[in-house]
Amino acid sequence: MLEATNLEAVRGDRQLFTGLSFSLQRGELLFVNGPNGAGKSTLLRMLCGLVIPANGEVLWNGSGIRTLGEDFHKDLFFLGHLCAIKAELTGLENLRIASALSGQATTEKNVLAALDRMGLRGFEDLPAKVLSQGQKQRVSLARLLLSTANLWILDEPFTALDKASVELLKSIFSGHLAKQGIIVLTTHQDVAIDAATVKQIKLGP
Amino acid sequence: MNSQGMLAVLQCMLTRDLLLAIRRLSDVLTTLFFFVIVVSLFPLGIGADMDTLRAIAPGVVWVAALLASMLALGRLFNEDFADGTLEQLILTPQPLALLVVSKVTAHWLVTGLPLVLIAPLLGLQYDLPADALWILVLSLLMGTPVLSLIGAIGAALTLGLRGGGVLISLLVLPLYVPVLIFGAGVVDAGISGLDTQAHFWLLSAFLVLALAFSPLATAAALRISIE
């Protein structure tokens, strides 16, 4: 269970948000809404522990994420606004290395199957720099299929994706929620995701 | 985490960085060429007075190694930072200091080790005796990893800053001074036929200290820089 108590974020002199509290149970989805610059990405990075809140605390299963440290990272999957893809490595290498470093045992077959499901068959041996923005995003999202993490925190996962990929991603999300996973995401697009409980947070004025 | 798991992580990270270095060989060769050219310019500028050349050789080679090592620091974390993989590395369940150790090792293998290997060839331009050449290689072999380790702290602290290149030299070069003094000193002592053991002990002490503390400091600096 993910819990945020009284979070406050400050960027320079500007206060982005304050007194933000919420909690998410297993199987719940949270949409973080708000205009550009409202602090959506900051909130997401705060939930991962990349940004330290000016006030308040983020709890995972009742313990602070900073004290949990690497134990929290085992349960966490984060996708930032950067793809985290190495341009010189192929899609296959990118995925294999990312999974190995996240401590997941994967076989080449699994990795290929994940790329295949993301519609990247035939592109797995090309260096990522020749892929389009949408394809890079899909390589990055293929990591979701290999991940065993319970908590998914995704910053604009639908960016640069075509309609078919958006539908695919929505079904992946529904599957994860059905398996008692937790998802926190931001998006500027209107997407409806099948979930038992959908929560919304609106940041900014 | 068990030691086998740690080894697997070290190996995975090391292969990744070496693979990236091979795919971008030109970046790696720049450091080596810089070192070769700087060291070769001095005999051309000073002339063929063997005694002078022998006297300045240790200092020149070591200062060139320092500058070359610093030049290469920009690539240590910058690319991972720019494409978002650094965030992912911080969020893996692996200890960040361990990942830093493998990154610095890979960095040293592609930017430090070539300097060590080419140094005897460059030493010939300075008419160094065979014994002194061996001492030069050995001192660089022990000293350049220290440079990479200390440099990693500076590289992590200046990550994503404008004008980080200048700042890093101000931060890191003063910390390189002890290595320079004893690295060049041991070659000097070798040329004049003095005992070199004490210098080597000191250099190895620097290496042990840097190995123990630099990964932790670098990991902390990375966490601050990424925020």
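Domain bounds are those of an automatic or database domain assignment. On that basis, chain A is divided into domain 1 (1-75 + 150-205) and domain 2 (86-148). The structure is a predicted model, in which local features need pLDDT of at least 70 and side-chain atom pairs count only at pLDDT 80 or more, while totals for chains, interfaces and linings use all residues. Residues are numbered from 1 along each chain as its sequence is written, and chains are lettered from A and ligands numbered from 1 in the order in which they are written.

The C-alpha atoms of chain A fill a box of roughly 50 × 35 × 30 Å along the principal axes. The radius of gyration of chain A is 17 Å, in agreement with the value near 17 Å for a compact globule of 205 residues; this radius is taken over C-alpha atoms, and the globule rule is 2.2 Å times the number of residues to the power 0.38. Buried residues make up 41% of the 205 residues in chain A. Here a residue is buried if 20 or more other C-beta atoms lie within 10 Å of its own, exposed if 12 or fewer, and partly exposed in between, with C-beta atoms placed from the backbone. Among the contacts in chain A with a separation of 6 or more, 69% join residues 24 or more positions apart, a contact being two residues whose C-beta atoms, placed from the backbone, lie within 7 Å.

Turning to the two domains of chain A, their C-alpha centres lie 23 Å apart. The contact between them takes 10 residues from domain 1 and 8 residues from domain 2. On the domain 1 side, the largest share, 3 residues, comes from helix α7 (residues 163-178) of chain A.

Strand β9 (residues 197-202) of chain A is hardly covered, with a count of 0 buried residues among its 6 residues. This strand β9(A) pairs with strand β3 (residues 28-33) of chain A in the parallel sense over 6 bridges, where pairing requires that DSSP finds at least two bridges between the strands. Within β9(A), A:Val198 stands opposite A:Leu29.

The contact between the chains takes 24 residues from chain A and 22 residues from chain B. Elements of chain A that give two or more residues to its side are α3 (70-74), β6 (76-79) and α4 (91-101). The largest share of that side, 4 residues, comes from α4(A).

The largest nonpolar core holds 119 residues, of which A:Ile153 and B:Val61 touch the most other members. Such a core is a set of buried Ala, Val, Leu, Ile, Met, Phe, Trp, Tyr and Cys residues joined through C-beta atoms within 7 Å. Helix α7 (residues 130-157) of chain B gives the largest share of this core, 15 residues. Because domain 1 and domain 2 of chain A both give residues to this core, it lies between them. Leaving aside neighbours within four places in sequence, B:Val61 is in contact with B:Val39, B:Ala119, B:Leu122, B:Gly123 and B:Leu136.

By contrast, B:Asp49 counts as exposed because it has 11 C-beta neighbours inside 10 Å. B:Asp49 is found in the loop between α2 (25-46) and α3 (50-82) of chain B.
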